[in-house]
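Here is a short walk through a structure for someone meeting it for the first time. Take a look at the model, then read on.

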There are 2 protein chains.
Amino acid sequence: MHIRKQRLLTPGPTPLYPPALHAMMASDIHHRTEEFRNAYRSALADLKEVYGTANDVLCFAASGTGAMDASVSNLFSRGDKVIVCSAGKFGERWVDITKAYGLDANVLKVEYGDVVTPDRVEAALKAEPATKGVFIQASETSTGVEHDIQTIAGLVKNTEAIFVVDAITGIGTMPLDIDGWGLDVVVGGSQKAFMIPPGLAFLSVSPKAWKFADTATLPHYYFSLKKEKKSGDAGESSWTPATSLVMALGEALKYIKKTGVANLIENAQLLALATREACEELGLELFAKRPGSSVTAVKAPAGMDSKVIVKGFKERFGAIIANGQGSMQGQIFRMAHLGYFDFADMFGIVAGLELILRANGHRVELGKGVAAVQRVYESAQPKKANA
Amino acid sequence: MHIRKQRLLTPGPTPLYPPALHAMMASDIHHRTEEFRNAYRSALADLKEVYGTANDVLCFAASGTGAMDASVSNLFSRGDKVIVCSAGKFGERWVDITKAYGLDANVLKVEYGDVVTPDRVEAALKAEPATKGVFIQASETSTGVEHDIQTIAGLVKNTEAIFVVDAITGIGTMPLDIDGWGLDVVVGGSQKAFMIPPGLAFLSVSPKAWKFADTATLPHYYFSLKKEKKSGDAGESSWTPATSLVMALGEALKYIKKTGVANLIENAQLLALATREACEELGLELFAKRPGSSVTAVKAPAGMDSKVIVKGFKERFGAIIANGQGSMQGQIFRMAHLGYFDFADMFGIVAGLELILRANGHRVELGKGVAAVQRVYESAQPKKANA
């Protein structure tokens with residue numbers, strides 16, 4: 001008999017930063033007191049610092065989809081022409097949201113695993129100068145690809161449109177120079193690189209986007225950017241905040257600031273690199289054409305259902321890795337790197353993967369994938385490896 | 001020197017049930033696993049039992065206002081004629097929400113402290129047979145009044161309209177026979193009688209209300225009753241759920257079921273009665289014309305700002321009681337009874353109140369208010385007093 005510890009190895013929820021988790025015990029706090037206002041103000045200020053922007057950064061009691069909803073219902077009007085880049089399940093969510101609100105969306109769709117290239121966005125913008133918004137995922141969690149946000153931002157910047165980026169798994173895993181590149185709206189979620197449980201959604205708003213809020217006519221109430229901005233400036237949230245999660249967020253942000261956002265991103269990049277190298281050693285094929293560092297999607301070996309690997313992790317090691325989503329279910333599995341993951345996690349994941357593959361008939365030389373991870377560890381400067 | 005324990009004596013957030021708080025530590029759980037589905041299914045089933053209805057009961061990652069928003073954006077169309085009963089700050093929230101979504105609202109407004117009487121609703125319904133909805137608070141938290149929900153429900157029941165009840169502080173503090181009376185939508189929130197931190201909103205939907213969902217045309221996405229119903233039936237939430245709060249909710253609901261909802265309500269009623277008797281002994285005037293049992297609003301003695309009392313509790317005893325809201329600030333203070341409050345809390349609150357009043361020039365015979373609470377305690381059957 002051996003113990004199997006429960007481990008979250010998924011691209012959200014991610015492993016929790018323990019002091020942040022424990023901070024939730026202090027949630028017998030009233031949200032209209034100076035104590036809470038100080039905690040909330042401090043969390044919002046740290047959030048802005050972690051976002052790395054001079055734009056306003058707002059927080060909602062909701063999951064990330066709530067902030068995606070807010071970006072549409074607050075900044076657009078029925079019939080507005082927009083471009084939606086759809087490279088997977090979360091791109092499809094933008095399609096659904098813009099459709100729900102009656103926007104006139106030109107959907108730039110690619111196969112799962114692929115990315116929407118800047119030239120397609122450029123052509124679409126040229127074809128429709130009245131385009132008011134471009135929607136995209138920084139990191140498409142369902143397939144592990146990363147979009148070329150900087151280049152696309154450069155294209156959108158010189159038009160009348162705003163660039164709305166779902167960076168729910170992008171923040172903390174890839175560089176996102178919000179102000180330098182011109183990302184008008186950037187959506188984040190608590191259960192990703194922020195290392196805390198789900199229930200808070202974040203959203204940054206550029207001056208250009210704020211102007212959209214002045215003329216947009218779609219109805220909304222709970223998700224109100226203007227109201228939330230006004231409340232946030234007063235150290236409050238418009239409606240009762242999810243206090244326990246705000247306390248957790250404050251603690252996690254302190255850790256992220258101490259670590260440094262650049263180091264957190266480098267950590268994800270190193271773990272993603274190590275995962276890719278391990279996969280190569282193990283004869284596994286990567287799924288993403290332009291792989292990002294939030295999650296690495298890998299094709300199951302020929303003839304093996306990826307469910308076997310997901311189930312293997314669960315039953316053998318108590319660990320939860322992600323299956324493919326939607327039509328990718330059974331074909332790929334996904335290993336996450338965003339937030340509170342380290343090399344020791346990666347050693348364990350790859351060692352486990354080797355055993356599971358071998359037990360299911362895939363030829364594996366034990367330790368070969370782990371060695372690839374170890375080499376990436378060694379190649380990283382000690383200073384960087386500890387980041 | 002003496003210790004001053006932090007105590008939440010407010011009508012939300014309310015005192016937390018400790019095992020529910022601790023259950024949040026188990027939030028390293030993935031929401032698309034059978035473990036979580038079981039926890040979520042069980043919480044939804046218990047929630048339905050505590051609601052006491054055969055209607056569907058849905059849960060959202062949001063504060064209560066989110067579910068209020070959902071009831072409008074999912075069940076109505078722009079221009080729909082509705083009646084809004086407004087007896088305080090939360091009645092005004094219905095006014096704001098129905099306005100934000102372009103409904104044609106006939107607002108039945110009363111002064112703070114008063115209630116909207118059934119005859120006014122009856123007249124308004126007769127004057128406009130095309131009325132599609134009646135909005136109300138079961139308990140108006142800002143003033144402590146309770147509306148006559150049963151009688152008004154009887155009036156709405158025989159019309160084409162649905163009855164939408166904000167029972168955020170009503171559930172668990174007053175009888176609400178959802179099915180017997182015909183309450184079509186009943187909104188609840190986690191940080192009230194449910195004894196857990198804020199961040200979850202609840203909403204029950206009657207068959208009559210579901211028919212409205214079929215023809216309603218207002219846009220919405222994050223808050224989708226139909227989608228949430230479908231997800232809930234599969235043991236999931238539509239979007240990433242606030243797992244930590246769902247774990248807490250499950251634990252709190254077990255306690256509430258064990259206690260019995262009727263007993264929980266009786267507890268609030270006894271504490272409210274005790275508070276009213278204590279106020280009479282202390283020469284304080286109640287604010288609510290039809291006082292409910294979720295919160296007792298009391299006028300500050302003539303010439304005294306109620307802030308003095310709120311501040312006194314905070315500085316002398318570390319306890320947070322509620323000031324008046326909006327235009328009532330400075331004039332009233334509010335003592336809560338909803339959820340995890342007991343007689344010992346009430347002894348402490350009234351004893352503290354006596355000291356604070358006396359220190360601020362109000363004539364008080366120490367212990368006189370407490371004795372009134374003690375007498376209510378004695379008058380309650382031991383079985384009931386332990387409820």
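## A strand under cover

Strand S9(A) is mostly covered, with 5 of its 5 residues buried. Keep in mind as you look around that this is a predicted model. Which residues of S9(A) point one way, and which point the other? Val185(A), Val187(A) and Gly189(A) go one way, while Val186(A) and Gly188(A) go the other, and all are buried.

S9(A) has a partner on either hand. It runs parallel to S8(A), and 3 bridges join the two.

In chain A, 7 strands make an open sheet, in the order S2-S10-S9-S8-S5-S3-S4, and the pairing is mixed. At the edges sit strand S2 (56-61) and strand S4 (104-109) of chain A, each of which pairs on one side only. On average, neighbouring strands of this sheet are turned by 20° against each other, direction ignored.

If you want a pair to look for, Cys85(A) has Leu108(A) in S4(A) as its bridge partner.

Here are the pairings mentioned so far, side by side.

| Strands | Bridges | Sense |
|---|---|---|
| S8(A) and S9(A) | 3 bridges | parallel |

What lies across the S2 side of things? Helix H3 (residues 64-75) of chain A lies across S2, strand S8 (162-166), strand S9 (185-189) and strand S10 (200-205) of chain A, and runs at about 35° to S10(A).

## Where the two chains meet

H3(A) turns up again when you look at the contact between the chains. In total, 40 residues of chain A are in contact with 40 residues of chain B. On the chain A side, the elements that give two or more residues are H3, helix H4 (89-100) and helix H10 (243-259) of chain A. H3(A) gives the most, with 4 residues.

How do the two copies relate to each other? A rotation of 180°, with 0.0 Å of shift along its axis, superposes chain A on chain B, with an RMSD of 0.0 Å. The two copies are thus related as by a two-fold rotation axis. In chain A, the C-alpha nearest that axis belongs to Ala62(A), at 2.5 Å. The copies meet through the same surface, because 100% of the interface residues of chain A are also interface residues in chain B.

Let's switch to chain B for helix H14 (residues 368-379). At 1.5 Å a residue, the 12 residues of H14(B) should span 16 Å, and the end C-alpha atoms are 17 Å apart, which agrees.

Most residues other than glycine have a negative phi, and most peptide bonds are trans. Each chain has spots that go against this.

In chain A, the peptide bond from Gly12(A) to Pro13(A) is cis, with omega near -5°. Pro13(A) sits in the loop between strand S1 (7-8) and helix H1 (18-23) of chain A. In chain B, Gly12(B) and Pro13(B) are also joined by a cis peptide bond, with omega about -5°.

Then there is Met195(A), a residue other than glycine with a positive phi, near 70°. It is found in the loop between S9 and S10 of chain A. Met195(A) counts as buried because it has 29 C-beta neighbours inside 10 Å. In chain B, phi of Met195(B) is positive too, near 70°.

Note on methods
Residues are numbered from 1 along each chain as its sequence is written. Chains are lettered from A and ligands numbered from 1 in the order in which they are written. This is a predicted model: local features need pLDDT of at least 70, side-chain atom pairs count only at pLDDT 80 or more; totals for chains, interfaces and linings use all residues. The expected span of a helix is 1.5 Å times one less than its number of residues. Copies are superposed by least squares on the C-alpha atoms of residues with pLDDT of at least 70 in both. Two residues are in contact if their C-beta atoms, placed from the backbone, lie within 7 Å. Two strands pair if DSSP finds at least two bridges between them. Axes are lines fitted to C-alpha atoms, for helices over the stretch in contact, and angles run from 0 to 180 degrees between N-to-C directions. A residue is buried if 20 or more other C-beta atoms lie within 10 Å of its own, exposed if 12 or fewer, and partly exposed in between; C-beta atoms are placed from the backbone.
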